[in-house]
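Me: Hi! Could you walk me through this structure in plain words?
Reply: Happy to. Let's have it in view before we start.

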Amino acid sequence: MTTGVLFCSAVPVFVVCSALKYGFAYWSMMNGTNIGPLLYLKEPLQKDCGRITSCLAMMSKILGWNKEEFFYTLSKRIIYGVRPELLGLVEIKNIGKIRAELLYSNGFRTKNDIINNIQKASKVLNLKEDFLLDIVTGK
């Protein structure tokens, strides 16, 4: 109990509130949920997360934590605002969060899954097969 009292007396309330607010916004963006009234924080956090996570990855390397891959994934999750299982899909050009969720819910997990069953994927996304194939292959 004493620790909490010392913490509260040493740190101004607005700092604690800001930390909680930003923490919730980060968590919401990583999990792809709506952050509601904190939507104004989304863009600055997405712009700043690359710098912060690269610093954390460098610290991890120096300190021997070996968490560079974790920080890379964290950065991508915040930028795209998706769950980790959707990262492989949203990194395809013109496949955003909504399209990735549609593909994932219909059994597509990777770019190769889409290429192997282009007809079903085009129906799921309501796109022409040629156009979808161009998107996936990067042409």
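Predicted model: local features only at pLDDT ≥ 70, side-chain atom pairs only at ≥ 80, totals over all residues.

Me: Which ring does the charged end of R109 sit over?
Reply: The charged end of R109 sits over the ring of Y104, 3.8 Å from its centre. That label needs NZ of Lys or CZ of Arg within 6 Å of the ring centre and within 35 degrees of the ring normal.

Me: How many helices and strands does the protein have?
Reply: Nine helices and zero strands. Both are DSSP runs numbered from the N terminus: helices are H or I with at least four residues, strands are E with at least two.

Me: What share of the residues is buried?
Reply: Buried residues make up 28% of the 139 residues. Buried means under 20% relative accessible area, exposed over 50%, and partly exposed in between, using a 1.4 Å probe and protein chains only.

Me: Let's pick a helix. Which residues of α8 are buried?
Reply: In α8, residues 118-125, the buried ones are I118, A121, S122, V124 and L125. They cover an arc of only 160° around the axis, so they lie on the same side of α8. The arc is taken from the directions from the helix axis to the C-beta atoms.

Me: Why would they line up like that?
Reply: An α-helix has 3.6 residues a turn, so residues three or four places apart point the same way.

Me: And what do the buried residues of α8 pack against?
Reply: They pack against α6 (97-105), α7 (111-116) and α9 (129-137). Contact here means heavy atoms within 4.5 Å.

Me: What comes just after α8?
Reply: N126, with a positive phi of about 60°, although N126 is not a glycine. N126 is in the loop between α8 and α9.

Me: Is N126 buried or exposed?
Reply: N126 is exposed, with a relative accessible area of 70%.

Me: New topic: how many aromatic pairs are there?
Reply: A search of the whole structure finds one. F70 and F71 form an edge-to-face pair, 5.2 Å centre to centre with 70° between the planes. Rings of Phe, Tyr and Trp (its six-membered ring) pair if their centres lie within 6.5 Å; planes under 30 degrees apart are stacked, over 60 edge-to-face, and the rest tilted.

Definitions and conventions:
Residues numbered from 1 in each chain as written. Heavy atoms only, no water.
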